[in-house]
Amino acid sequence: MHKDWHKIAAEMSVLLKEVRTGAPETLKGFSQMAAGSLKNGALDTRTKELIALAIGVTVRCDPCIAFHAKAARAAGATREEVMETVATAIYMGAGPAYMYAAQAVEAFDQFADVKPAGE
């Protein structure tokens, strides 16, 4: 085992409590947003937790992975669903970089008329 995900979740919960105490109105709004977004609707909570897990992977957020892996399991996700979820996250982690790379080249090209510093 490389990382202790139970420990990561527990330690982060303590740190997050400190932020909730220091910024209660903001975090009240965040909690309402989380509850509203995870409620069963066209997508069930299990699916939404798998999406959140994939996002945690693509943005490389250990606490996000810990919290959403735990929540996905609690919502009834299977290991097979998690494997398909992370496979999609792997694909999307690379795809968006490709898309942004093209935009970076375009932006660079559009600044062709900008003279280098010192000229």
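Apart from neighbours within four places in sequence, threonine 85 is in contact with Leu50 and Ala54, contact meaning heavy atoms within 4.5 Å. The structure is a predicted model, in which local features need pLDDT of at least 70 and side-chain atom pairs count only at pLDDT 80 or more, whereas totals for chains, interfaces and linings use all residues. Residues are numbered from 1 along each chain as its sequence is written, and side-chain values use heavy atoms, with hydrogens and water left out.

Threonine 85 lies in helix 5, which comprises residues 79–110; helices here are DSSP runs of H or I with at least four residues, numbered from the N terminus. With a relative accessibility of 12%, threonine 85 counts as buried, a class defined by a relative accessible area under 20%, while exposed denotes over 50% and partly exposed the range in between, as computed with a 1.4 Å probe and protein chains only. The buried residues of helix 5 are Thr85, Ala89 and Gly95, and the buried residues of this helix pack against helix 3. On the side of helix 3, alanine 54 is likewise classed as buried, at 16% relative accessibility, and its contacts, leaving aside neighbours within four places in sequence, are with Thr85 and Ala89.

Alanine 72, in helix 4, is buried with a relative accessible area of 1%. When residues up to four places away in sequence are not counted, alanine 72 touches Glu49, Leu50 and Ala77. The C-alpha atoms of alanine 54 and alanine 72 are 11 Å apart, at a sequence separation of 18 residues, and those of alanine 72 and cysteine 61, which are 11 residues apart along the chain, are separated by 16 Å.

The end-to-end spans of two helices were compared with the expected span, taken as 1.5 Å times one less than the number of residues. Helix 1 (residues 5–22) has 18 residues and reaches 26 Å from its first C-alpha to its last, close to the expected 26 Å. For helix 5, the 32 residues should span 46 Å, and the end C-alpha atoms are 46 Å apart, in agreement with that value. The N-terminal end of helix 1 is capped by aspartate 4, of which a side-chain oxygen lies 3.2 Å from the backbone nitrogen of histidine 6.

A search of the whole structure finds 4 salt bridges, each defined as a side-chain nitrogen of Lys or Arg within 4 Å of a carboxyl oxygen of Asp or Glu. One of them joins lysine 3 to aspartate 62, with the closest N and O atoms 2.7 Å apart. This pair links distant parts of the chain, since lysine 3 belongs to the segment before helix 1 and aspartate 62 to helix 4, 59 residues apart. Both partners are partly exposed, lysine 3 at 35% relative accessibility and aspartate 62 at 26%.

Asp44, Arg46 and Glu81 are linked in a network of salt bridges. Aspartate 44 is partly exposed, with a relative accessible area of 28%, as are arginine 46 at 23% and glutamate 81 at 23%.

The loop between helix 3 (45–58) and helix 4 (62–74) contains valine 59, which is exposed with a relative accessible area of 52%. Together with Leu43, Ile51 and Ile55, Val59 forms a nonpolar patch on the surface, with about 350 Å² of accessible area in total. Patches are made of residues with over 30% relative accessible area and no salt bridge, like charges being joined within 9 Å and nonpolar side chains (Val, Leu, Ile, Met, Phe, Trp, Tyr) within 5 Å; accessible areas come from the Shrake-Rupley method with a 1.4 Å probe, and for residues only the protein chains shown count as cover. Arginine 60, which is placed in the loop between helix 3 and helix 4, is exposed at a relative accessible area of 72%. The phi of arginine 60 is near 60°, a positive value in a residue other than glycine. Most residues other than glycine have a negative phi.

How values were computed:
Helix = DSSP H or I, 4+ residues; strand = E, 2+ residues; numbered from the N terminus. Polar contact = N/O pair within 3.5 Å; in protein donor to acceptor, adjacent residues only side chain to side chain.
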